[in-house]
Amino acid sequence: MKKGIVILFAATLGLAACNNYKKGPGGLMYQIHKSGGNEKIKEGDIVKINFIQKTEKDSTIVSTFDLGQPQVFPVGKKAYDGDMNDVLYLFGEGDSATFKLNLDTMAKHSGQPKPPANAKDTYMVFTVKIEKVLKKAAGEADTTFQKKAQEFFQKDYQATIAKLKDSEAGKIKKFVEDNNLKTQTTASGLQYVINTPGSAQKPVAGDTIMLNYTGKLLPKKANGKDNIFDTSIESVAKEAGKYNAMAKYAPRPFTIGAAIPGFDEAYQLIGKGGKITVIIPSALGYGEGGQPQAGISPFSPLCFEIEVVDIKKPTAGATIAPITPTAPVK
């Protein structure tokens, strides 16, 4: 865990234990862990923020620290007392804080019901670190400010991407060592361990391959748990806080060529009943674009645990069930 995250979590735990929250408008509750002593954020500022979003029962919904990609956005005009923009006005560059947004207030003003993950909660909880605030100078034209901001954050984004790219090999090496894996490597760069070889029957083009799988990012979460982004196994999804009541948790159908290259290559190394652990470099995964909706940053190496449950040969007139949106498709 990075030093900055350690300090942030230590502050969060220490202050939370004292219940040292201040009351804000609209049912808002907040506490500042560290102040950078800088001017407070105002409407129109452009900010770069790292944050951890949790339910009131401490279940993490998203963490930019785990993704390695802070969020950058312009701060808008508050729509009502205690909304997301309103709370940002309390902080400045260099501040770290925890705040609780009142879900009933949000539902009242948005006209939308509480999200399912927060149905029984009063608050949605954010722990934030304000990394950068870009302010418009007095008398500065809007176009000049927007151009300056675009150039600044484009350069900042490119630096972040370069850092992610440069760190990929180290992430793979550390993961292999930490898990004591005796991997083999294919010509493409795929690293794997066959846990169970399965039958002599291997998947071939035209087959429908029924797979159980769990995919995770190589670095663990800040809380030390595996950073799972997708799974076909219900118990794993619930344990990882990724359960979706609308998803069908069962072996999922794939055909060769439908998934990312590393995933396709991996399951063809085992037969029916086989199990494999595979490390997919980003060049065989989602590359420099990542998969933002799944929480996968650019140049992210991935680990999959895959089991070939069944191999179905094509029959005349047969159709293949659609692949779910969260599956490792191209």
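Select G274 to begin. G274 sits in the loop between α7 (261-267) and β13 (275-280). Helices (H or I, at least four residues) and strands (E, at least two) are DSSP runs, numbered from the N terminus. This is a predicted model: local features need pLDDT of at least 70, side-chain atom pairs count only at pLDDT 80 or more, and totals for chains, interfaces and linings use all residues. Residues are numbered from 1 along each chain as its sequence is written, and side-chain values use heavy atoms, with hydrogens and water left out.

Stay on G274. Is G274 buried or exposed? G274 is buried, at a relative accessible area of 0%. Here buried means under 20% relative accessible area, exposed means over 50%, and partly exposed lies in between (1.4 Å probe, protein chains only).

Now show what surrounds G274. Leaving aside neighbours within four places in sequence, G274 is in contact with T196, P197, G198, I306, E307 and V308. Contact means heavy atoms within 4.5 Å. The C-alpha atoms of G274 and V309 are separated by 7.6 Å, though the two are 35 residues apart along the chain.

Next, look at charged pairs. Side chains of opposite charge can pair when their charged atoms come close. A salt bridge is a side-chain nitrogen of Lys or Arg within 4 Å of a carboxyl oxygen of Asp or Glu. How many salt bridges does a search of the whole structure find? The search finds 20 salt bridges.

Select K272 and D310. Their side chains meet in a salt bridge, at 3.2 Å from N to O. K272 lies in the loop between α7 and β13, and D310 in strand β14 (residues 302-312), so the pair ties together parts that are 38 residues apart in sequence. K272 is partly exposed, at 37% relative accessibility. D310 is also partly exposed, at 22%.

Then pick out E39, K42, D45 and K135. Salt bridges that share partners join these residues into one network.

Move to D58 and K54. They form a salt bridge, with the closest N and O atoms 3.0 Å apart. D58 counts as exposed, at 51% relative accessibility.

Finish with E131 and K129. Their side chains meet in a salt bridge, at 3.4 Å from N to O. E131 is partly exposed, with a relative accessible area of 28%. K129 is partly exposed too, at 27%.
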